[in-house]
Amino acid sequence: MSIEVDAIDAGYDGIEVLRNVSLSVSSGEILGVLGRNGMGKSTLIRAISGLIPLTRGSIRIEGKDVSNWPVHARARAGLTTIVQGRGMFPQMTVRDSLKMGRIASGRSTRDRLDEVLSYFPRLGERLDQPSGSMSGGEQQMLAIGRGLMTDPKVMLLDEPSDGIMPLLVQQIAATLAEINRQEGMTIVIVEQNVPMVMSMAKRCIILEKGSIVASGLPDEISRDGTMQKYLAI
């Protein structure tokens, strides 16, 4: 599924965070959204997913204007969001957490448990374990797996590397790239972890003070000094 963001403004309590942001994501593309803290990356994810309203502009998914659709309607249309912090229910088992993902979507979806466990074998080893007892990396795998249980066409991820050891970050990045390859899923990943994004994204944008200041292939914006200018790397 494709995404079109057209000249949107969005923010919180009357304070604009995003200003005149326009972008497009082709069906099956992985778009990396980079930027320093407080530059509007998470706000962009929340605006696309419907968690916050727009004050201007529009968002279209597969050509349909969803600007005024609530979160659950966008989810039923095939969009899933993996929020920062993972949103775990600590006492719920891995198995029940995955089942909840399917039920909570409100969609008549096929049972994807075996497929999810093939992407994340660690979850298969911990099906009866409380999710709160797992490591941060394992919880992130569970959050992504729970999203996959909705059989989505678009996945939005907000800082999936946050608080995770580097080895598991690499594994998660490789798995997301494999999901994209096998299923043609459109992925938008918001990150401060530049190497993670560079390893998987087909295209990147950089947000600075709520506006897009750069867009291009990962190698291009790496070579021309744009990353060093805006990301202090």
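**Exercise 1. Salt bridges**

Task: How many salt bridges does the count come to in this predicted model?

Solution: The criterion is a side-chain nitrogen of Lys or Arg within 4 Å of a carboxyl oxygen of Asp or Glu. By this rule the count comes to twelve salt bridges.

**Exercise 2. Arg56 and its partner**

Task: Which residue meets the side chain of Arg56 in a salt bridge, and is that partner, Asp9, buried or exposed?

Solution: 
1. Find the contact. Arg56 and Asp9 meet through their side chains, at 3.1 Å from N to O.
2. Arg56 sits in strand β4 (residues 54-61) and Asp9 in strand β1 (residues 3-12). They are 47 residues apart, so the pair links distant parts of the chain.
3. Apply the cut-offs. Buried means under 20% relative accessible area, and exposed means over 50%. Asp9 has 8%, so Asp9 is buried. Arg56 has 40%, so Arg56 is partly exposed.

**Exercise 3. Asp128 and Arg95**

Task: Where do Asp128 and Arg95 lie, and what is the relative accessible area of Asp128?

Solution: 
1. Start with the bridge. The closest N and O atoms of Asp128 and Arg95 are 3.2 Å apart.
2. Locate the residues. Asp128 is in the loop between α5 (121-124) and α6 (136-148). Arg95 belongs to helix α3 (residues 94-104). The separation is 33 residues, and the pair links distant parts of the chain.
3. Classify each. Asp128 has a relative accessible area of 60% and is therefore exposed. Arg95, at 27%, is partly exposed.

**Exercise 4. Neighbours in sequence, and a network**

Task: With which residue does Glu125 form a salt bridge, and which residues are joined into one network?

Solution: 
1. Glu125 pairs with Arg126, the closest N and O atoms being 3.1 Å apart. Glu125 is exposed, with a relative accessible area of 62%.
2. Arg112, Glu115, Asp151 and Glu183 form one network, joined by salt bridges that share partners.

**Exercise 5. The sheet**

Task: In what order do the six strands of the open sheet stand, and why is one side of β6 and of β10 left without a neighbour in the sheet?

Solution: 
1. Read the order: β6-β7-β8-β3-β9-β10, with mixed pairing.
2. Look at the edges. β6 (79-82) and β10 (211-216) each have a single partner strand, so one side of each lacks a neighbour in the sheet. From one strand to the next, the twist averages 15°.
3. Take one pair. β3 (residues 30-34) and β8 (residues 186-191) run parallel and are joined by five bridges. Opposite Leu31 stands Val188 in β8.

**Exercise 6. Helix α1**

Task: How many of the nine residues of α1 are buried, and which residue follows α1?

Solution: 
1. Eight of the nine are buried, leaving α1 mostly covered. Among them are Leu44, Ile45 and Ile48.
2. Gly50 follows, with a positive phi near 95°.

**Exercise 7. Arg122**

Task: Which residues does Arg122 touch, not counting residues up to four places away in sequence?

Solution: 
1. Arg122 lies in helix α5. Its relative accessible area is 29%, so Arg122 is partly exposed.
2. Its contacts are Glu138, Met141, Leu168 and Gln171, with residues up to four places away in sequence left out.

How values were computed:
Residues numbered from 1 in each chain as written. Predicted model: local features only at pLDDT ≥ 70, side-chain atom pairs only at ≥ 80, totals over all residues. Heavy atoms only, no water. Pairing = 2+ DSSP bridges. Helix = DSSP H or I, 4+ residues; strand = E, 2+ residues; numbered from the N terminus. Axes fitted to C-alpha atoms, helices over the stretch in contact; angles between N-to-C directions. Buried < 20%, exposed > 50% of the residue type's maximum accessible area, 1.4 Å probe, protein only. Contact = heavy atoms within 4.5 Å.
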